[in-house]
Amino acid sequence: MCLAVGLPTVRSDNYFLGDDFGLVQHLHDLQAERLLTYFVSDWTEGIYGYQLDELRPFLAFTYWFDARLFGAINVSGYHATNLVLHLLNALLVLAIARSIAPGEPTFAVLAASLFALMPSHAEPVAWISGRVESLAALFYLGAFLCFVRFRLVNRQAWLWATLLIFIGGLFAKQTIVTFPLLILAFDLIGPTSQDSAGRRSFARLWPHVLFVVLVASYLALRYTLFGNAVRENLLTAAALQEFLVRQNRYVRELLPTPNSAPRVMKVAAEVLTICALAACGRWVLARRQAYQHVVRRLLFFGAAWYGITMAPMIVTYLSMRHLYITTAGVSIALAALILPGYPLEERRRTKMRIAMAGMLIALYAVSSIWNVSNWVASGMESQKFATAVPRLLQSVPRGSVVFVEVPEWHRDGYFWAWATPFALQPPFTAEDLYERFRIVERPPVYCCTSDQWWAARKATVMGLMDSPVPQQVTYIMFASDNPDVPTFSTRTVDGQALKRRVESALGKPVESFTTGLTPVEAQELGRILFE
């Protein structure tokens with residue numbers, strides 16, 4: 001299943017997108033010992049114009065390792081790593097499901113298949129920078145599997161393995177801090193828990209103290225370094241309200257609906273999925289006593305897993321790749337509902353369940369392949385644009401003003417957001433085009449804040465507007481209707497006329513721009529420059 005979804009991404013012309021450019025440039029030739037500093041500092045070292053509150057040495061290592069193994073800009077190597085991470089996570093879901101239900105192999109296979117085919121995984125599978133989610137999940141699910149094995153066989157080695165993997169996960173992505181809550185919920189309501197008081201005694205709960213101490217130490221480190229433990233400064237009533245509003249979007253993303261498909265196709269897939277799950281739910285409710293094991297799996301892998309793993313999203317932006325760890329539990333819950341394993345049912349109902357499982361796998365496969373194919377198409381178009389720019393500039397005199405217009409978003413995903421100046425510098429180009437030409441791009445595709453964009457481009461833009469005579473400007477523009485061939489043209493720009501249009505649109509003289517531009521003003525200026 002993973003190969004069917006991910007193999008199409010592993011191709012030499014599925015190029016870098018968005019954050020990929022900056023991260024690859026920053027990490028490809030890093031000294032190995034510098035990776036160790038990322039245990040106590042921002043792993044991007046401020047390449048996006050400000051310090052991130054992220055301790056991610058293991059994520060940085062994957063970029064460094066890929067560059068050493070495959071080559072700095074061998075894009076297929078980076079994509080292969082993303083595919084391997086996704087495959088390993090699907091195997092972990094399979095192992096977790098097998099551990100809690102060793103006598104139900106079809107249930108485990110269905111859970112792993114649903115996880116592998118979730119359409120919300122398009123970013124972690126097809127976008128190189130999306131690996132942050134799959135790498136974090138590798139630690140999260142690996143630690144959880146070890147904890148399950150610890151509870152099942154009561155061997156201390158499994159507990160120490162859980163602790164070590166959990167520590168590693170904390171330095172892959174900070175959202176791993178929810179893990180202690182998850183294993184506590186597993187002990188209280190999980191499918192292997194018991195109701196006796198002995199199972200909830202101190203002897204049962206003492207391992208959780210170790211995880212609490214580790215989390216407290218990690219959060220104290222974050223607070224010391226960044227002034228926040230869990231981005232609590234962003235935890236407001238408005239953020240919570242927005243998070244609750246997002247739930248509709250999150251839940252819909254768990255259904256097999258392709259992002260850019262026609263509405264009728266989306267509705268049909270949603271209706272079929274909901275009807276199948278409702279029928280299975282009705283059968284469980286009708287025989288609640290016989291299906292207690294299913295109820296426990298639904299409570300833990302459905303309700304508890306969803307709530308705990310979604311909590312960090314309160315203080316972050318909306319992105320479907322953030323659902324990656326959440327979908328692991330949801331996939332197991334869905335599989336438990338569709339294929340409960342026991343008690344034995346009449347043959348007709350068993351056939352219906354198998355048919356429903358097959359239908360869902362088909363729907364999820366179509367949706368996932370659809371979403372991933374859009375990312376691959378964007379990667380191919382990014383490659384064509386990136387290779388065309390230096391070729392088109394070969395005939396342009398050194399020092400010329402060049403306006404490069406390329407979208408930050410394309411095909412419902414990132415394109416060149418935050419990509420410049422990195423994308424037009426080594427190792428992606430033979431020489432630094434920003435040193436050879438005076439390049440100006442729109443603020444949304446620049447690496448950093450609008451103020452920093454203006455500081456970097458002010459001399460070129462102001463020089464153009466202050467020129468007493470018209471200037472020649474080269475334009476290279478991405479054409480959405482014909483992405484294979486960028487538009488190349490040379491225009492004569494009347495600086496005085498441009499100055500008047502800018503002042504009219506922004507409502508203030510250009511001389512006041514020396515104090516900086518607001519994000520809105522920078523956006524408007526960028527729009528005027530590329531009219």
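**Close-up views of a predicted model**

**View 1. Helix 5 and helix 14 (residues 324-338) have axes that come within 8 Å and cross at roughly 140°.** Axes are lines fitted to C-alpha atoms, for helices over the stretch in contact, and angles run from 0 to 180 degrees between N-to-C directions. Helices (H or I, at least four residues) and strands (E, at least two) are DSSP runs, numbered from the N terminus. The model is predicted: local features need pLDDT of at least 70, side-chain atom pairs count only at pLDDT 80 or more, and totals for chains, interfaces and linings use all residues. Residues are numbered from 1 along each chain as its sequence is written, and side-chain values use heavy atoms, with hydrogens and water left out. Helix 5 and helix 14 are therefore oblique to each other. Angles under 35 degrees count as roughly parallel, over 145 as roughly antiparallel, 65 to 115 as roughly perpendicular and the rest as oblique. Helix 5 brings F107, L110, A111, L114 and F115 to the contact, and helix 14 brings residues including Y324, T327, S331 and I338. Contact means heavy atoms within 4.5 Å. By class, this contact has twelve nonpolar, two polar and no charged residues. Ala, Val, Leu, Ile, Met, Phe, Trp, Tyr, Cys and Pro count as nonpolar, Asp, Glu, Lys and Arg as charged, and the others, Gly among them, as polar.

**View 2. Helix 4 (residues 75-100) meets helix 5 (residues 105-116) with axes within 8 Å, crossing at roughly 150°.** That makes helix 4 roughly antiparallel to helix 5. Their crossing is right-handed. On helix 4, the contact residues include H86, N89, V93 and R98; on helix 5, they include P105, F107, F115 and A116. The contact of helix 4 with helix 5 divides into 13 nonpolar, two polar and one charged.

**View 3. The second largest pocket holds about 490 Å³ of space.** A pocket is an open set of points on a 1 Å grid over the protein atoms alone, with protein on both sides within 12 Å along at least five of seven lines; a cavity is a set where a 1.4 Å probe fits but cannot get out, and lining residues have an atom within 4 Å of a point. Grid points are joined across faces, edges and corners, and a volume is the space filled by probe spheres set on the points. The lining of this pocket has 23 residues, with R249, E253, N259, M320 and D412 nearest its centre. Helix 6 (122-126), helix 11 (237-253), helix 12 (263-286) and helix 15 (347-392) each give two or more residues. Helix 12 supplies the largest share, four residues. The classes are nine nonpolar, five polar and nine charged.

**View 4. The structure holds one cavity of 30 Å³ or more.** About 80 Å³ of space lies in the largest cavity. Its lining includes N259, N371, W375, H410, D412 and Y414. Helix 15 and strand 3 each give two or more residues. Helix 15 gives the largest share, four residues. By class, the lining has two nonpolar, seven polar and two charged residues.

**View 5. The peptide bonds from T420 to P421 and from P426 to P427 are cis.** Omega is near 5° for T420 to P421 and near 10° for P426 to P427. P421 sits in the loop between strand 3 (413-414) and helix 16 (433-436).

How values were computed:
A crossing is left-handed if the near helix is turned anticlockwise from the far one by less than a right angle, and right-handed if clockwise.
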